[in-house]
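These are my notebook entries on a single model.

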Amino acid sequence: MAKVYERIEPRLARWIERQPVFFVGTAPLSGDGLVNVSPKGLRGTFAVLDEHTFAYVDMSASGVETIAHLRENGRVCVMFCSFDGTPNVVRLHGRGRVVTHGEPGFSEALEPFVMGLAARRTEARGVVTVDVTRVADACGYAVPRMTLEGDRELLDSWAERHSPEWMRGYRAEKNQHSLDGLPGLAGLPEW
């Protein structure tokens, strides 16, 4: 059953990095603000950096909730589920920060993902890094067993159809503020 760990143990790190999808949960400080859960997936965009730190690449999207919430308060929980093999759920709670394209440190933050992002650099709008404060697993008995057919190619083909100028305009329109009006990419450097 459930167990709390002192750190991201090597066995857990290997299991985590094999999972094809994870879910990011954040919330604003406001009691009436919208809680956000965001599915993430593309292989090569998540890495355990050490026993107490992980990072993932934040790809261009229609919303900016995670970035806005992290900039406001840093609270985050990332959850992994086993959909095949032994049932398991792992949650990594912590304090997150984000560096976005055009900000100092962005290129360095992308370094752990160079191999997985060779063709996707233009889609990477930021890197989220989390200092883990709690690592716990749970049984996962209620998680259905599913088979992975493969990664979707839609984000890649979408990005390939648009110029860098168009992508800047898209982010300027869609990613300036969260649904609750918190700053997302507002006021950040253009790329």
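**Entry 1: a buried charged pair**

I began with R125 and D58, and I find that both residues are buried. The model is predicted, and I read every entry below with that in mind. R125 and D58 form a salt bridge, with 2.5 Å between the closest N and O atoms. I then checked where the partners sit: R125 belongs to strand 8 (residues 124–138) and D58 to strand 5 (residues 53–59). The two are 67 residues apart, and the pair therefore links distant parts of the chain.

**Entry 2: the other salt bridges**

How many salt bridges does a search of the whole structure find? I note seven.

I looked next at E165 and R168, whose salt bridge has its closest N and O atoms 3.5 Å apart. Both residues lie in helix 5 (residues 164–174), three residues apart, which is about one turn of the helix. Is E165 buried or exposed? I record E165 as exposed, because its relative accessible area is 52%, where exposed requires over 50%. R168, at 24% relative accessibility, counts as partly exposed.

I also looked up E173 and K174, whose side chains meet in a salt bridge at 3.9 Å, N to O. E173 is exposed at 62% relative accessibility, and K174 is partly exposed with a relative accessible area of 36%. On shared partners, I note that salt bridges join K40, D58 and R125 into one network.

**Entry 3: helix 2**

Why do I describe helix 2 (residues 65–72) as largely enclosed by the rest of the structure? I do so because six of its eight residues are buried. The buried residues of helix 2 are E65, T66, I67, A68, H69 and L70.

I then asked which elements these buried residues pack against. I list strand 2 (22–26), strand 3 (36–40), strand 5, strand 6 (75–81), strand 7 (89–100) and strand 8. Just after helix 2, I find G74 with a positive phi of about 80°.

**Entry 4: the largest pocket**

I searched for open space and recorded about 910 Å³ in the largest pocket. I count 33 lining residues, and those nearest the centre of the pocket are V21, P39, K40, G41 and L42. Strand 3, strand 5, helix 2 and helix 4 (154–160) are the elements that each give two or more residues to this lining.

Which element gives the most to the lining? I find that strand 3 does, with four residues. Sorted by class, the lining holds 14 nonpolar, eleven polar and eight charged residues.

**Entry 5: the whole chain**

Finally, I looked at the protein chain overall. I count five helices and eight strands, and along the sequence I read the pattern β-α-β-β-β-β-α-β-β-α-β-α-α.

The C-alpha trace spans about 50 × 40 × 30 Å along its principal axes. Buried residues make up 45% of the 191 residues.

Definitions and conventions
Residues are numbered from 1 along each chain as its sequence is written. This is a predicted model: local features need pLDDT of at least 70, side-chain atom pairs count only at pLDDT 80 or more; totals for chains, interfaces and linings use all residues. Side-chain values use heavy atoms; hydrogens and water are left out. A salt bridge is a side-chain nitrogen of Lys or Arg within 4 Å of a carboxyl oxygen of Asp or Glu. Buried means under 20% relative accessible area, exposed over 50%, partly exposed in between (1.4 Å probe, protein chains only). Contact means heavy atoms within 4.5 Å. On a 1 Å grid over the protein atoms alone, a cavity is a set of points where a 1.4 Å probe fits but cannot get out, and a pocket is an open set with protein on both sides within 12 Å along at least five of seven lines; lining residues have an atom within 4 Å of a point. Grid points are joined across faces, edges and corners, and a volume is the space filled by probe spheres set on the points. Ala, Val, Leu, Ile, Met, Phe, Trp, Tyr, Cys and Pro count as nonpolar, Asp, Glu, Lys and Arg as charged, and the others, Gly among them, as polar.
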